[in-house]
Each structure stands twice: as structure tokens, then as C-alpha cells.
Amino acid sequence: MPKAYWIAHVTVTDPEPYAIYAEGASQAFRKFGARVLARGGAFEQFEGEGHPRNVVIEFPSMQAARDCYRSDIYQAARASRTDAGIAEIVIVEGVE
């Protein structure tokens, strides 16, 4: 079964509630066996519109990534982020 990757491009507009989101999201990621591969850090935007924060999170499977996103833990954290930033999130299945 291939792994899956949660890829997020984010612009934080209000750091305090975003920090609450980050803590809650981290709890959800741990529960669903995720591993953060990239969070913030240096980047170069070659094409398209970018965001200052780029995140890549590895999950054991596509189903685990979906379950994490739909979980009560993540959705509660996500509610903290509503007015704290702009996010684009996609889940991509890896190759074996």
C-alpha cells in the first residue's frame, strides 16, 4: 500500500490562533501515524502563486491521511485556523 502526502501551502495572517491550530493539528498527525517532512523553511517559488509556509506530511496510507483530515481532533484545530490564515491543502498518493 503506497504512502500518502498531505501538502499544504499557507499564508499565516494571525499568528496567535494559528499557533492553537498548529498544536491541535500536531496531535491529529501523531494519532494517525503521520511524519512531518517539511514545515516552513527556505523555499524557491518557480511557478504559480506561492505562500510563505509550505508543509509536507507523510501518512502511512491515503486512508490514514483522509481519516486524519476528517477527524474530530483535526477539525477542532482547523476551526482555530479559519480567520488566522489562507491555506491550500491537497492529499496525494505516493508511488510504490
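Modeller: Start with Ser61: apart from neighbours within four places in sequence, it is in contact with Met1, Pro2, Lys3 and Ala4. Residues are numbered from 1 along each chain as its sequence is written. The model is predicted, and local features need pLDDT of at least 70, side-chain atom pairs count only at pLDDT 80 or more, totals for chains, interfaces and linings use all residues, and side-chain values use heavy atoms, without hydrogens and water.

Biologist: What makes two residues "in contact"?

Modeller: Contact means that heavy atoms lie within 4.5 Å. Ser61 meets this with Met1, Pro2, Lys3 and Ala4.

Biologist: Where does Ser61 lie, and why does it count as buried?

Modeller: Ser61 is in the loop between E3 and H2. Helices (H or I, at least four residues) and strands (E, at least two) are DSSP runs, numbered from the N terminus. Buried means under 20% relative accessible area, exposed over 50%, and partly exposed in between, with a 1.4 Å probe and protein chains only. Ser61 has 9% relative accessibility, so it counts as buried.

Biologist: Which backbone atom does the side chain of Ser61 reach?

Modeller: That side chain reaches the backbone nitrogen of Ala64 at 3.0 Å. A polar contact is a pair of N or O atoms within 3.5 Å; within protein, one must be able to donate a hydrogen and the other to accept it, and residues adjacent in sequence count only if both atoms are side-chain atoms.

Biologist: How do you know that Glu58 is buried, and what does its side chain touch?

Modeller: Glu58, in strand E3, has a relative accessible area of 10%, so it is buried. Its side chain makes a polar contact with the side chain of Tyr5 at 3.0 Å. Leaving aside neighbours within four places in sequence, the residues in contact with Glu58 include Lys3, Ala4, Gly33 and Arg35.

Biologist: Which residues of H2 are buried, and how do you know that they share a side of H2?

Modeller: They are Met62, Ala64, Ala65 and Cys68. The arc is that of the directions from the helix axis to the C-beta atoms. These residues cover an arc of only 165° around the axis, so they are on the same side of H2. Among the elements that cover them are E1, H1 and strand E3 (53–59).

Biologist: How many aromatic pairs are there, and what makes two rings a pair?

Modeller: The structure holds nine. Rings of Phe, Tyr and Trp (its six-membered ring) pair if their centres lie within 6.5 Å; planes under 30 degrees apart count as stacked, over 60 as edge-to-face and the rest as tilted. One of the pairs is Trp6 and Tyr69, with 5.7 Å centre to centre and 55° between the planes, and this pair is tilted. Trp6 lies in strand E1 (residues 4–12) and Tyr69 in helix H2 (residues 62–70), so the pair ties together parts 63 residues apart in sequence.

Biologist: Are Trp6 and Tyr69 buried or partly exposed?

Modeller: Trp6 has 2% relative accessibility, so it counts as buried. Tyr69 has 27%, so it counts as partly exposed.

Biologist: Why is the pair of Tyr18 and Tyr21 called tilted?

Modeller: The ring centres of Tyr18 and Tyr21 are 5.2 Å apart and the planes are at 55°, so the pair is tilted. The two are three residues apart in helix H1 (residues 15–31), about one helical turn. Tyr18 is buried at 9% relative accessibility, and Tyr21 is buried at 8%.

Biologist: What makes you say that a charge sits over the ring of Tyr21?

Modeller: The rule asks for NZ of Lys or CZ of Arg within 6 Å of the ring centre and within 35 degrees of the ring normal. The charged end of Arg81 sits over the Tyr21 ring, 5.0 Å from its centre. Tyr21 also belongs to one aromatic cluster with Trp6, Tyr18, Phe29, Phe59, Tyr69 and Tyr74.

Biologist: How do you know whether the radius of gyration of the protein agrees with that of a compact globule?

Modeller: The radius of gyration is taken over C-alpha atoms, and the globule rule is 2.2 Å times the number of residues to the power 0.38. For 96 residues a compact globule would be near 12 Å; the protein has 13 Å, which agrees. The protein has three helices and four strands, running β-α-β-β-α-α-β from the N terminus on.
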